[in-house]
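Welcome, and please take a look at the model shown here.

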Amino acid sequence: MLLRRKSIFLTLWLSYILILLIPVTGTFILYTNMEKNMVDNANRSNLAMLEQARQVVDNNLQEIEQLGIQIATQPKLQTLWTIKDSEKYIQYEEAVRALRTIRNGSPFIDDFYVYLRDEDAVISPILKTDAPTFFTKLYPLPGKNLEHVRTELLTGYHYLTYLPTSASSTADPATKSVIASAISLPLGETSNIKGTIVMLINEQQILDLLKGIQWVDNGTMFILDEKGQVIISTSNTYKLSPSLLAETQNSNGYETYNADGTTQMLSFTTGTSGWKYISLVPKSVVLERVNEMKTWAIYLIILVVAAGSAAAYWMAYRSYSPIRDLVYAINKGKNVPRNGPSNEYDFIRNSIAASVAEGKALEQQLAGHLPVVRANFLTRLLKGEVEQTELTEDSLAFMGIRLPHHYVSVIILEVDESRDFRIAESDRDRALVRFILFNLSSEFVGDSGYVTETDNNRLALLLNVPDASEETIQSRDRLIAELKGVIEDRFRMKITVATSSLHLGRLEASRCYIEALNALDYRIIHGINAVIHYDDIRYMERTYYHYPMEMEAQIMNCLKSGDYEGVERLLNELYQHNMGSRDTTPELGKLLFLNLLGTVLKVTSALKIDEKQWQEDGSDPVKLIINSTSAEDMLKKVKELCLFICNSVQEARSEQHERWQERMKHYIDEHYGDHSLSLTSIADHFGMTPQYVSGLFKRQYGINLTDYMIEVRMKEAKRLLEVPGMTVLQVAQGVGYSTDIGFIRVFKKIEGITPGKYREMQQREDHLKDG
């Protein structure tokens with residue numbers, strides 16, 4: 001006896017321990033992967049902060065570029081290389097005052113000045129002097145002598161060329177490290193260079209910005225220009241190893257990098273200016289906290305296993321106690337010693353089997369009288385005509401009804417279509433349909449409920465379930481799907497299914513039946529042969545449907561323009577908004593489609609379309625909508641009417657559209673040099689809206705109208721750039737641009753190079769051909 005009890009007890013105890021080991025094992029796996037996740041998170045965080053620093057620097061570099069363009073386009077400065085030498089002395093003073101008025105809004109720029117190549121002179125906001133005096137005595141660049149400055153900064157063509165300097169190599173410790181940025185003058189000229197704008201970027205501003213990045217004090221930061229030259233370094237190292245440069249070939253990313261036997265976390269990103277930002281952090285710095293957490297995790301797992309084993313022993317003992325008491329109660333009731341079965345489970349199973357056999361013998365005696373009594377009782381229960389006193393266990397057992405659980409639900413099956421199964425329209429065939437559905441439903445429901453007839457083509461299934469959990473609802477839905485599938489596949493009948501909510505109490509069966517009937521009314525929204533749940537419609541409080549006046553106007557405009565795709569999109573959007581969530585009542589659904597039909601009839605009247613052309617069968621469109629079996633069928637009929645209207649409009653306008661498209665193209669070819677030429681001006685010229693003109697042109701030629709206008713202008717600009725003597729400004733004005741700045745930006749975006757560079761390339765090619 002003791003050994004048998006202990007065998008069950010040990011089984012329970014071991015089962016609880018196995019359950020305990022599942023989360024423990026999962027925790028162990030989680031902590032083994034923690035290092036990789038921490039490194040990845042640190043890399044992503046470091047890259048994100050690097051991106052933030054990059055964005056700030058890029059924004060300031062754009063301000064530097066704008067400042068350079070502002071200086072280059074200053075009229076007082078442009079005259080320095082266009083007036084005579086005898087008049088330049090006065091012009092120098094004007095240039096100094098002009099530089100003084102230029103406002104520098106970027107904290108990154110320490111100073112700026114202009115170098116004039118022919119005069120070998122420098123003009124700043126405070127003075128004008130010769131280059132040797134300026135770069136050796138007044139404003140020497142840290143770490144750069146005059147020859148370095150001439151070779152690297154003042155010679156050749158530059159456009160935002162960056163030259164780093166180092167204050168550590170100077171004798172004056174107060175000298176700041178700067179980055180010199182150069183732009184050649186005149187702007188856009190690459191051969192006939194008259195001067196250079198030099199702007200000095202405060203390196204300390206960028207270093208202070210990089211200090212906000214995590215682990216910067218333990219790592220190293222580099223910034224490379226677009227040529228791969230190190231211009232800023234937090235470690236005074238201005239040359240990177242080839243292996244590190246190879247790892248950062250992509251625009252951005254992060255990975256692990258081994259440098260001098262030390263594992264480093266490498267993060268890098270590239271800005272719009274071409275500058276590359278690189279961060280190197282020792283991996284040991286990042287994992288210092290992780291290793292500490294791993295040690296604590298091991299101690300915690302050991303503690304959890306010990307405490308869990310003790311708790312499992314206590315829970316196994318408590319679970320075994322009811323089994324022991326149950327065996328004792330069965331022995332006492334039957335007064336039968338337990339000596340045959342090997343353990344308590346076998347004894348309980350055999351005792352239940354004996355009780356079931358006795359019950360079956362009694363049920364056989366009452367089987368012949370119970371169907372009629374049971375059907376009558378179930379019908380009254382669903383209609384709310386049963387009192388609480390009739391729901392006692394004895395009364396239910398007498399009728400062969402078992403409702404062991406506290407929750408009930410009702411499913412209504414209504415036959416929508418059975419003509420493929422019935423041979424003839426007769427009462428005999430309809431009775432056969434009900435008989436098949438009744439027996440098939442009873443087989444699927446089994447012991448979970450009962451089936452009864454409520455109308456000629458309707459059955460009600462009363463389900464008795466243990467709870468209202470999601471698992472129970474899913475089990476009910478699987479039963480419905482299997483039953484519906486068999487009815488459709490084997491007997492070729494279509495049925496609509498409506499379900500109620502799950503309610504506590506047997507008397508709630510009448511409430512469940514009313515809910516199922518309410519759900520069945522929504523067949524007009526969901527369509528026939530659908531499954532409709534009361535839980536999906538119970539909270540519907542909508543007393544309106546969505547059909548704003550703006551959308552009606554859009555539908556009418558699309559119909560009048562023959563745009564069926566637009567009409568179909570609007571109808572689908574309207575259908576999805578009102579019917580997609582299935583929260584519209586059947587009455588509102590019909591009103592919505594009748595309103596849509598009214599919109600369509602307004603358009604047919606306005607366009608003077610003969611109704612006889614699209615009502616070939618003489619059917620009344622209002623009756624077609626009202627007699628539809630579902631909202632989808634209503635939508636289909638409305639779409640058919642709209643398609644007919646759009647086809648009629650398209651046939652009438654197709655020839656007219658082709659003439660308009662050719663006139664627009666010809667108009668652009670003739671007026672591309674007009675500064676005011678735009679999509680709006682073209683639309684005004686032809687008396688149309690810009691959106692309509694753009695869509696009309698795109699459908700005909702497969703290209704946007706503005707893109708075609710730019711294409712024509714750039715083609716003519718390349719021809720004018722080959723004409724000797726024409727400046728970039730004259731070319732820009734000749735193709736419809738007011739200034740050369742906007743023209744240069746568009747030309748570089750389309751061709752990939754500036755107009756000056758393109759002219760230089762063409763001259764080189766012509767020279768090679770002549771040679």
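A residue is called buried when its relative accessible area is under 20%, exposed when it is over 50%, and partly exposed in between (1.4 Å probe, protein chains only). This is a predicted model: local features need pLDDT of at least 70 and side-chain atom pairs count only at pLDDT 80 or more, while totals for chains, interfaces and linings use all residues. Residues are numbered from 1 along each chain as its sequence is written, and side-chain values use heavy atoms, with hydrogens and water left out.

**Overall make-up**
- The protein chain has 30 helices and 17 strands; these are DSSP runs numbered from the N terminus, with helices (H or I) of at least four residues and strands (E) of at least two.
- Of its 771 residues, 41% count as buried.
- Contact means heavy atoms within 4.5 Å; among contacts between residues at least 6 apart in sequence, 63% join residues at least 24 apart.

**Helix H5**
- In helix H5 (residues 131-138), the buried residues are Ala 131, Phe 134 and Phe 135.
- These residues cover an arc of only 80 degrees around the axis, which puts them on the same side of H5; the arc is taken from the directions from the helix axis to the C-beta atoms.
- Their packing partners are strands S1 (109-116), S2 (121-123) and S3 (128-130), together with helix H6 (146-154).

**Helices H27 and H29**
- The axes of H27 (residues 705-721) and H29 (residues 740-751) come within 11 Å and cross at roughly 100 degrees.
- That makes H27 roughly perpendicular to H29, a label for angles of 65 to 115 degrees (under 35 is roughly parallel, over 145 roughly antiparallel, the rest oblique).
- On the H27 side, Ile 710, Met 714, Ala 717, Lys 718 and Leu 721 meet Phe 743, Val 746, Phe 747, Ile 750 and Glu 751 of H29.

**Backbone details**
- Most residues other than glycine have a negative phi, and most peptide bonds are trans.
- Leu 160, in strand S4 (residues 159-164), has a positive phi of about 60 degrees and is buried, with a relative accessible area of 12%.
- Arg 492 has a phi near 55 degrees; this residue lies in the loop between helix H15 (470-491) and strand S15 (494-499) and is partly exposed at 49%.
- A cis peptide bond, with omega about -5 degrees, joins Leu 185 and Pro 186; Pro 186 is in the loop between strands S5 (178-185) and S6 (195-202).

Conventions:
Axes are lines fitted to C-alpha atoms, for helices over the stretch in contact, and angles run from 0 to 180 degrees between N-to-C directions.
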